[in-house]
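Please walk me through this structure in plain terms. Start with the overall fold and then look at one helix.

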Amino acid sequence: MAMLSRTLYRLTGISDDAAKMADQWRYAHDRIPGWSWSREVRKFHRRPRRVEAAIWATYNNQPPRLCGLVLGRISRNRVYASIHYLAANPEQETPLSGVFAQLAVRYLELQAVALGCTMLSIAKPVESLVNFYGTLGFTHCVKKGQKIVRLERRLYPT
């Protein structure tokens, strides 16, 4: 009889160690994020309405593996819940490989509902991912000139 492996997931704040791990990730040349998790987490820690999560998976009797990080904020008037930084672990397959962005958006939705927000947004999306974010419901594009400032999605349909 085959034994099913059990996967345990854990959401934590983004610790210094988690940020340092993510800063060491190696990306394909066309996917380099262009920011330092350690630096951005330090900046966001000064913000009282931040949204942050490090998502870990433990499976196959291995040590916990960092699946990805998400960092964002809630607007001052609690209208917007935004993701500013998002990355899945590019080096190792995890149980969340291929679905990490969907999980991060779901986490943002839960934060938004709890705080009474009405809009979700992806701030400064990577151009090559705009269509992907559209499949997650982020179809309203806010531009400044030709540059995309954010993608938006209503939390509650009108």
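The protein has four helices and seven strands, where helices (H or I, at least four residues) and strands (E, at least two) are DSSP runs numbered from the N terminus. Along the sequence they come in the order β-α-α-β-β-β-α-β-α-β-β. The radius of gyration, taken over C-alpha atoms, is 16 Å, close to the 15 Å that the globule rule gives for 158 residues, so the protein is as compact as a globular protein of that length. That rule is 2.2 Å times the number of residues to the power 0.38.

This is a predicted model, in which local features need pLDDT of at least 70, side-chain atom pairs count only at pLDDT 80 or more, and totals for chains, interfaces and linings use all residues. Residues are numbered from 1 along each chain as its sequence is written, and side-chain values use heavy atoms, with hydrogens and water left out.

Of the 158 residues in the protein, 39% are buried, meaning under 20% relative accessible area with a 1.4 Å probe, protein chains only. Taking contacts (heavy atoms within 4.5 Å) between residues at least 6 apart in sequence, 62% join residues at least 24 apart.

Helix α2 spans residues 37–44, and its buried residues are Trp37, Ser38, Glu40, Val41 and Phe44. Seen down the axis of α2, these buried residues fall within an arc of 165°, so they line one face of the helix; the arc is that of the directions from the helix axis to the C-beta atoms. The buried residues of α2 pack against helix α1 (16–23) and against strands β2 (50–58), β3 (65–74) and β4 (80–88).

Conventions:
Buried < 20%, exposed > 50% of the residue type's maximum accessible area, 1.4 Å probe, protein only.
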